Amino acid sequence: MRISKLLGKTLREIPADADTVSHRLLVRAGLVNQLAAGVYSYLPLAWRVLKKIEDIVREEMDKAGGQEVSLPVLQPLEMWQSSGRHQALGKVLFTLYDRRERPLALGPTHEEVITQLVSRNVQSYRDLPLLPYQIQTKFRDEPRPRGGLVRAREFIMKDAYSFDIDEAGMDASYDGMVRAYQAIYDRCGLPTMLVEADSGAIGGKDSREFMLVTDSGEDEIIYCPDCKYAANAEKAASIKEKVDDSRPGPLEEVATPGMATIEEVAGFLKIPHNHTLKAVFYVADGHLVFVVIRGDLAVNEIKLNNLLRAADLRLATEAEVVAAGIVAGAASPVGLKGFKVIADDSVTSGANFVAGGNKPDMHLRNVNYSRDFAADTVADIALARAGDRCPRCGGRLASTRGIEVGHVFKLLTRYSEKFNASFIDEKGDSRPIVMGCYGLGISRLLSAVVEHHHDDKGIIWPVSVAPYQVYLCPLYREGSNVPEVAEKLYQELRAAGLEVLFDDREESPGVKFNDADLLGIPFRVTVSPRTLQKDSVELKKRSEKESELVPLTDIIGKIQAMVP
RNA sequence: CGGGGCGUAGCGCAGAUGGUUUAGCGCGCAGCGUUUGGGACGCUGAGGUCGGAGGUUCAAAUCCUCUCGCCCCGACCA
């Protein structure tokens, strides 16, 4: 490709509304163009990278037993209503109406469609297992698109679904996908971390995410440096060490004038935060929920909602709390009736807590779970934090950030039962198919690669996904034979099967070198009067600082040897 | 959805107390010439519904109302 004909220009100035490194570089190098919030055009260079990523994904999926399909983007809304996910997804689902006013959705994912399709094509255990997958544009009306391609509203995703006769089969399919994903990231030059995750609106168990560790990632990862434990902060657990196991003392009131927060109460009474109990109020689908947790911990709302299964969960407003007859700042479940109470299991990891007295300016000492109050549910609903004890080995947890580049789930029979996807087993009994699902963000991977492979001059593409392999950079000067030699070399490199971006512009060397660095093509070949004096060209790898002079007769073979 | 910010040339920005503004500057773009190993220089030139609609006024990029869009923080989110 001749740069003079390429659609897409490099920008000297940094776009004002790009915040992450990868987004800035993709815009500045002329790879993507924003059309609306979370909606982007891919220019030729980006499209070539996406196709290379797709090819890698296809190869690894096929190797793992997958078969490619293409499912409709346009789906009857009815399908989402019957699976119950219309509610769960809410406004994330893009909906529209056809000419007969029938509601349709733009596919955000395809569990419903694929399950329905497979149910019509599978009758016997002999038809299983199956592993269909597709690479397709998906639509999700995110509340807040951000980070360029990282969280877009229209994005390219590979989604795969496994169908097995039993859980053992599903586990094997799942393990195969994990291996395939690892191979994919490996080939794209991305080190990833496999972490435990919440399964969100998709549901299922053993949900795990592949994370590219980077400071600009939007997810927090809690991991243990001593063992293999790693989890998304949404899911992460930690050991809540017992802070006091003395015998329960007598319940007594203590005046706490003007003290409302844990900070104030603990400071006033000169006790550590973990000797207090904190009340937090939520509204779940319109109902007030009373949450109790040890004073030093914070509520993990995802864990909380996994218990409540509410379509809408939010913190209660102060007015709502007061209207319910609760004394804000001095609330506790002791002696209160008529509320749904959820307690974090930390309330049992200690004794003789200080908790609210349910009277203004009054707290209680020596509050003990079960003797003084009860909860409808006691479970782990706390946020795990760096510095906490690892739930596996007891080591100290650490935290980092990451971009989620893949997510695998075990769905079991949730969808197959809803859509009647069953088969007849060896004994002649009808059983639901056991499913798994596996998502991998293709367009997100494009950003992730740039996020991981760049320097202050620009992108540094790994050869495997680079839009072109060679950047042919002639430095023209009047009276030299550089143009002829460069033109001939361009033809020869291509004839040798190499992908070449030919900088045929009449620009100064500085402009060309800077653009070459920005675009990040792996091998730069410079042809100039200076190199031709020695019948050579200069070869420079984008990933290295030094360049070398290579005889014209050797250059093609030399590059071929470095390109897979 | 709550809080904040911003829409002026392809990109980055100035102009905002209404009137010497015929709306500028830098980059980029076009033509000519000089340059050519790390974002060269000179001259000439093209390019604008000042996001949109309505209003106030002798006069609006500038003031008022409404509206659309974009960005950031939070809520939310595979």
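The structure is a predicted model, in which local features need pLDDT of at least 70 and side-chain atom pairs count only at pLDDT 80 or more, while totals for chains, interfaces and linings use all residues. Residues are numbered from 1 along each chain as its sequence is written, chains are lettered from A and ligands numbered from 1 in the order in which they are written, and side-chain values use heavy atoms, with hydrogens and water left out.

The secondary structure of chain A comprises 15 helices and 31 strands, taken as DSSP runs numbered from the N terminus (helices H or I, at least four residues; strands E, at least two). Along the principal axes, the C-alpha atoms occupy a box of roughly 100 × 65 × 50 Å. Of the contacts in chain A (heavy atoms within 4.5 Å) with a separation of 6 or more, 70% are between residues 24 or more positions apart.

An open sheet is formed by five strands in the order β28-β27-β29-β30-β31, with mixed pairing; two strands pair if DSSP finds at least two bridges between them. The edges are taken by β28 (500-502) and β31, each with a single partner strand, so one side of each has no neighbour in the sheet. From one strand to the next, the twist averages 25°. Strand β29 (residues 523-527) and β30 run antiparallel and are joined by four bridges. Threonine 526 has glutamate 538 in β30 as its bridge partner.

Two helices are placed against this sheet. Helix α12 (residues 482-495) touches β27 (470-474), β28, β29 and β30, and its direction makes about 165° with that of β27; axes are lines fitted to C-alpha atoms, for helices over the stretch in contact, and angles run from 0 to 180 degrees between N-to-C directions. Helix α15 (residues 555-562) lies across β27, β29, β30 and β31 and runs at about 15° to β30.

The loop between β30 (536-541) and β31 (547-551) contains arginine 542. Arginine 542 counts as buried because its relative accessibility is 7%. Its side chain makes polar contacts (pairs of N or O atoms within 3.5 Å; within protein, one able to donate a hydrogen and the other to accept it, residues adjacent in sequence counting only if both atoms are side-chain atoms) with the backbone oxygen of aspartate 517 at 2.9 Å and with that of isoleucine 459 at 3.3 Å. Beyond four places in sequence, the residues in contact with arginine 542 include Asp455, Lys457, Gly458, Ala516 and Pro522.

With residues up to four places away not counted, asparagine 358 touches Val327, Ala330, Ala331, Ser332, Val334 and Leu336.

Elsewhere, helix α1 (residues 21-28) packs against helix α11 (residues 442-452) at an angle of about 100°, with the axes 8 Å apart. In this contact, Val21, Ser22, Leu25 and Leu26 of α1 meet Ser447, Val450 and Glu451 of α11.

Methods:
Buried < 20%, exposed > 50% of the residue type's maximum accessible area, 1.4 Å probe, protein only.
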